[in-house]
Structure formats: C-alpha cells, structure tokens
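These are my notebook entries on the two chains in hand. I set down what I looked up, entry by entry.

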Amino acid sequence: MKRLLGVATAGIMLLAACGGSASAPSSAPSSASPASAAASAKPSTAAAAAPASSGPASTAAAKPSAAAPAASGKVSITFWHTQTGANGQTLNAMVAAFNASHPTIQVNAESVGNYNDEYQKLLAAAKANALPDVAVAYENVVSDLMKANAVVPLDHYVNDPQVGLSLDSQADIFPGFVEDNKFKQFNNQMLSFPFTKSVILAYYNTDLLTAAGVSQVPQTWDQYSAAMKAVTDYAKKNNMPWNGANALNDDASEFDFEIMSRGGQLISDDQKKSLFNNDAAVAALQMNADLQKAGAAYQPNGFDWENDLAAQKTLTRLDSSTSYAFIDPIIAKAPKPFKYVAAAPPTNPGVKLTVMYGANIAIFKTTPQKQAAAWEFIKWFTATPQTAQWSIKTHYLPVRQSAATSPDFAAALAQSQPLKAAFDILPYAKPEPAAAGWQQVRDILQQTVDAVVTGKAQPKAALDDAQKKADAALAG
Amino acid sequence: MTSARRWRNLPLHVVLIVGCGFAAFPFFWMVTTSFKNIYEATSVPPVWFPSVWLWGNYIAAWNAAPFARYFLNTLLVGGCTTALDLVTGCLAGYALARVRFPGRNVIFFLFLATVMIPFELLIVPDFIIVNRLGWYNTYLAQIAPFAASGFSIFLLRQFFAQIPGELYEAAVMDGAGHLRFLWQVAVPLSVPALVTTALFNFIASWNAFLWPLIVTGKQELRPIQLGLSAFQNESGTNFQLLMAGTTIVILPVLLVFVLAQRHLIEGIARAGLKG
C-alpha cells in the first residue's frame, strides 16, 4: 500500500510538473514578449476559458460589477479600457472632465491590460454575469458577446429624438466607421461605436528614396514594386547593411488591404463564404514573393522593423498610423538622422483606399439608467471637441470629419505629417470583415502570406488551401 | 586536493560554467538594457553595453505606474497568502501524516489531484464564485483562493511523516496531544519544509498576473506584475523602461532568495519519498 502510494505520488508530481503552476498562480506576465503584445491590430484567440459562444447566455439583466457606490441620484458606471502610460493618463483626464461636466453620472474607468487580457476578462465576466457597463472591444469580441446576448444595440440611442444624434451629426462620422460598427450577421444593427481608430499608412525613408533616384513616393503597386527594387540596388551598390526594402507586415489586416486595394473582395455579403481566393490576392502574394526573392523585402519579427527603419536597414513598412508615435523617438536616437514620410498606402491606379485598425466601444445590458448613462459618455467622448482632443494627444484618429474645424486639431495637422496623411485618407477607410469565425480566417491568411513569401507554397495553391479552411471556419 | 584530481574535475567545471552563463545571461541582458536608450535597446545586431548609462530610465519606469502602491499590495497579498497557506498546510499535512482516520489516503490523493489541474481551467469557475461572494475588487479575492494548496499539504505531509514515532510517544508520555506535538515539536523540526513552502508561495504571489488582473479593476488593489504592462502599447514596447521596471520588480525576490537559499536547497533535498 505504501509502495503504491509512493509510486502514485511520484506519477502525480510528474504530471503536475508538466502542468506548470505550483500553489498560487504563477503565470508570468503574458504580455512581456513583443510577439504577444498585440503586434497585430486584432487580438489572437484567447488561450484561456471556454469560448463565449457556447457559454450559458447571460439573460436580459446581467448583474453589474461592483462599481463605486453612487452618490445620491448619481448613476455610476464602470468602463473597461486598454490604455496605459501616457494615453491612459489622457483618458483618465477626459473621464474626469466628463464626470465634472455631468453631475448625475460617474464613470469609473479601469485599465484592464492589453486587448488579449481584456478579452479574457470579458469572457470570464460574461460567464459570471458581471460584465462592466461599457467597454472597449474589437468587432469579433462584440460579436461573441452579442451571441451571449449581452450587448445593447445602439440604433435606438443614436436615433432617439432627445438623446440621439441629429442626421447631420450622424453624417459627420466617417462612413467607414459607421460601416465598421454595423454588424451584418445581426440584422445590420449598430452594436458598437468607433473609439480608438487608426488606419494603415506606408512609412518611407524619403532620403533613401531620393538617393536611389525614385522621384516621388509610390502611389500604385507597380510604382511600389519598382521603387523597392531601385532602392535595393542602391543599397547593395553602396554596401549598406541591408535587410530588404520592404519590412513585410504579414498580418492579415495588411493582406486584406492588398487584396481590396487591387479590387478584390474578402467575404460574401451573407458572411458565410470567403471570396479572397481571387486574382487580386494572387497578384499581391506574387509581388511579395518576388520582392523577397530579389532581396527587396524581408520578414521582421514583432517591432524589429521600427529599429531597422531607424538604422536605415530597410526602406518602408505598411503599418498603423499610430506607429509614428513610436518610431519618432527611435529615429531621434539613431546614429544617422533622416527624413521619413507617412503616405497613403499604394493601391491600383485611381483607387483611394485604406483599411482601418483599432477598437470600438460597446454598451452591455444592465439597467436602463446605466445604459443611458453609458450612451451619454460615448456621445460626449466622440463629440467634435473631445474627439479632436483625443486624437491630438494620443495619435489615434478623430471619428468625426468636423474635427478639422477645431483650431487645435488644425494646428496639429499642420505640425504632424503622419496625422495629416491619416486624416486625409480617412474618408476612404474601409473596415475588415467581422463575421463569426473571421478571427480564425485572419490566422489562416497570415499563414498563407508566410508560406508563399518564404517559398514554401505557390500563390494559387496556397489560396485554394486557405479558402477551404476559411470556409470551414466561417461555417462552423 | 592532488593535481590529478583537479584536472579530472575540469570538464565538470566547464559544463557548470557554461550552464551558469546561460542562466545568468538573461539577467545580464535585462540590467544592461535597462540603461540604454530606445534605439540601442532594440538594435539588431544587439548592442551589449549602452554608450551612455541612462540612470534616468529607472526614474521614468518608477513614475510610469504607481509602483510603490503595487509593491505594498504584493507584500500584503503575498504575506497573507503565505501565512494562511503555512497554517492550513501544517494542519492538513500533520493530520494526513500522523493521525489515523478512515479515508485518510483517499483525501490525500484528492489533495494531490488538485495540483494537476491547470490554473487556466479554474479561472472562470473561481471568478464566478468570487463574484457571487461579492469579493470582486477586493484583496480577499486575491488571497482566499490560495489560502490552502495541495502542493504545500503534500510537502509538509512528507516532512511530518519522517518524524520518528518514538518522539511522538515520548511527547504523549509527557502529556501532549497531537496539536501540542505539532506546534512544539514537529514544526520546529520541519523548518526547511516550511521555508520552502513559504518561498514557493512568496514567488508565486510575486509573479501573479492573470488572476489579479481578472479579479481587480481598481489600480489601488493591483500587484506588481500588472504595473509592467504600462510599458507596452499597441504600436510598440518601451524596452529600456520595461527592463528597468522588471529589474525593480525582481530585486526583492532576489534578496529573499539569497537570504533563504540555504533553507530552500535543504528543503528540496529532503522532500524525498520514504516508505
């Protein structure tokens, strides 16, 4: 008996060692590595907890999480967001301003980690009937929570004659943002509101372009391809330490953009079938593969491209308009200073397009008073003066076209070339699909780009394969 | 030692030095990077030593989040968890080792089985329970789930089982019952095991990230690891500040480790299985 106990104990200890954590939770900070720190705009599927779609639906009135006790007559709401550092301080200041100007409402803003962490928290909270009153969320998260019946559709508030937005006000919001927040699979209801938006821009080292004889920033894909090769030739001729002209961003968002900018579609209107297996996608993959083979493109890890750009080991990168806040300090410390420009990304001739990044904000089902209070907060935050102020301080983009009328914002546009480039292309920004299962399709798309660019697969074959997997993901 | 023996030891020493180098390198990298500017911190090929030692990074890191408060929270939560875990571990471990009662082995197996469950599986059920008890946004939510653990019970049970029966019989002859024997004889004899348990608890509390993130919303209640997320952003990471922040966070643990090192090694070595 004692021997059996000893052997069993040893076996259990071995299994426990494989399991990892000992007594208390010892998971190291999951966001410490750059790869997992939301390098792409969208959160990857959460590793924890059971998927929300199969969870018990939190019926009508979800219990509010423990917000601060409200003063008499005051409605107190909890707001989850992912802003840290300087942006977090800006957000806290704006929330304080809202609380000061709205005596009957108290918004308690809580920073809940990065988007992945927030996703896990929201899933756990949805199961425990303890969702916050309002939270920042990506489209797929809103989709998941809508399936759990926890999200409040906003059309009712937007169109309300008393507390809603006038038709002019609604038209003032950039059309792409409106489209982004209307969910086709839920009867085209508006389930969230734009919050921290950005767009894809192309960052170019213009000194290098000029030195290599490229007279203007590429606007079409043909010009882009030619410029990559020209600058690579120049770099090789001058024996520069060189990684490749294009620091390829293999994220699905960039691939989506390359397809759409060449006139291709991504998904059927009923959100059930993928349409990305088309000539545009083949052309995009072929171009990237050719550039990589010619040494004119390479695949950087995580945020390495920022340092490579500053070290002049690469020429360009397609990435978020918020990136300039990060590359500016790095370039400032680089050994050889240079000028860079953020431009509208290249497209087919005559096409004006970019793809939008960034999260939206959604209201969860609680009580009518709290939901109304949450709507007041969203309405205030996205009103022209506030959205302009938010954009100036945080490098995100304003959600309204009338932000340009704010003198502070106009001054910021004059001073910041990337901000102006982003604002100018914003009317032409399109959202990516937000169908159920699209998160998996994004992973499939990224793997397709990786496979073709490293020579492991041919474009058409890889796309055929991806289409099969994507359709399965969208169906099930 | 004869010189022949010295030469025979050389390969062993080389292997150990190389292994030591691998283990120490991340710390070396962390500390040197914490003094670099952002360009040097992310350079490829890597820059080994900063051109200018930026002590200001530590000040900037400290100010990026309320680290003083986070330290206090971690000490509070860690201290309470450790104390409670030691008490419950001692009581349960002693009972399972030395008190005969029906179902003793079954209960021990059950406790052991809980060690095998991955923590991620417990997040949702634990959160539901904590929320229903009204403990969301409290210290209690961070302490209570870890006030007892199968691992500590196992470790302490093994130690208590090794105490010779004669000691107990002698104590009984002097009029002691189980409880008195436990506190006055068994526990002082098992100091290595207690220190080991305390250390595991302390380190686990120090590393706690996911659970506190889920059960707290207010900044004032958060422990230290959540502070490090202040350096990461959607568009990049301030590596030099992150390294400075990490160094600050690690120092107390290193200190405790150095002080308790002797006890820890003894505890691990003696937690063997005996028949």
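**Entry 1: domains of chain A**

I began with the spacing of the domains in chain A: the centres of domain 1 and domain 2 of chain A, taken over C-alpha atoms, are separated by 31 Å. I note at once that the model is a predicted one. The bounds I used put 52–197 + 358–420 of chain A in domain 1 and 199–355 + 435–475 in domain 2.

I then looked up the contact between these two domains. Nine residues of domain 1 of chain A are in contact with 14 residues of domain 2 of chain A. On the domain 1 side of chain A that touches domain 2, helices α4 (139–147) and α17 (417–425) of chain A each supply at least two residues. By class, I recorded three nonpolar, five polar and one charged among the residues on that side of domain 1 of chain A.

Which residues have the most contacts inside the largest nonpolar core? They are Leu122(A), Val199(A) and Val231(A), in a core of 197 residues. I noted beside this that nonpolar side chains tend to be buried together in soluble globular proteins.

I followed Val199(A) further. With neighbours within four places in sequence left aside, the contacts of Val199(A) include Thr354(A), Val355(A), Met356(A) and Tyr357(A). Val199(A) is also in contact with Ser321(A), Leu397(A) and Ala422(A), among others.

Next I looked up strand β6 of chain A, residues 193–205, and found that 13 of its 13 residues are buried. I listed its pairings in turn.

- Strand β11 of chain A (residues 354–363) runs antiparallel to β6(A), and six bridges join the two. Within this pairing, Ser198(A) has Tyr357(A) in β11(A) as its bridge partner.
- Strand β9 of chain A (residues 314–320) is joined to β6(A) by five bridges, again antiparallel. Here Leu318(A) in β9(A) stands opposite Ala202(A).
- Strand β10 of chain A (residues 340–343) is antiparallel to β6(A) and joined to it by four bridges. Tyr340(A) in β10(A) is the bridge partner of Asn205(A).

**Entry 2: helix α13(A) and its cover**

I asked which residues of helix α13 of chain A (residues 324–332) are buried. They are Tyr324(A), Ala325(A), Phe326(A), Ile327(A), Ile330(A) and Ile331(A). The cover over these buried residues of α13(A) includes α12 (304–310), β10 and α17 of chain A. Chain B contributes as well, through α2 (38–41) and β2 (236–237) of chain B.

**Entry 3: chain B as a whole**

I counted 14 helices and two strands in chain B. Its radius of gyration is 23 Å, well over the 19 Å from the globule rule for 275 residues, so chain B is more spread out than a compact globule. The C-alpha trace of chain B spans about 70 × 70 × 30 Å along its principal axes.

Of the 275 residues in chain B, 40% are buried. I also looked at contacts in chain B between residues at least 6 apart in sequence, and 77% of them join residues at least 24 apart.

Chain B is divided into domain 1 (3–58) and domain 2 (63–270). Their centres, taken over C-alpha atoms, are separated by 31 Å. The contact between them takes eleven residues from domain 1 of chain B and nine residues from domain 2 of chain B. On the domain 1 side, α1 (3–33), α2 and α3 (56–64) of chain B each give two or more residues. The largest share of that side, three residues, comes from α1(B). I classed the residues on this side of domain 1 of chain B as five nonpolar, five polar and one charged.

**Entry 4: backbone exceptions**

Most residues other than glycine have a negative phi, and most peptide bonds are trans.

The peptide bond from Val44(B) to Pro45(B) is cis, with omega near 0°. I placed Pro45(B) in the loop between α2 and α3 of chain B.

Two residues of chain A then came up for positive phi. Asn187(A) has phi near 60° and is found in the loop between β4 (182–183) and β5 (189–190) of chain A. His395(A), not a glycine, has phi of about 70° and lies in the loop between α15 (384–394) and α16 (407–415) of chain A.

Is Asn187(A) buried or exposed? Asn187(A) is exposed, because 9 other C-beta atoms lie within 10 Å, and exposure is assigned at 12 or fewer. His395(A) is buried, because it has 25 other C-beta atoms within 10 Å, where 20 or more are required.

Conventions. Residues numbered from 1 in each chain as written. Chains lettered and ligands numbered in written order. Predicted model: local features only at pLDDT ≥ 70, side-chain atom pairs only at ≥ 80, totals over all residues. Core = buried A, V, L, I, M, F, W, Y, C linked by C-beta atoms within 7 Å. Contact = placed C-beta atoms within 7 Å. Pairing = 2+ DSSP bridges. Domains from an automatic or database assignment. Nonpolar A, V, L, I, M, F, W, Y, C, P; charged D, E, K, R; others polar. Rg over C-alpha atoms; globule rule 2.2 N^0.38 Å.
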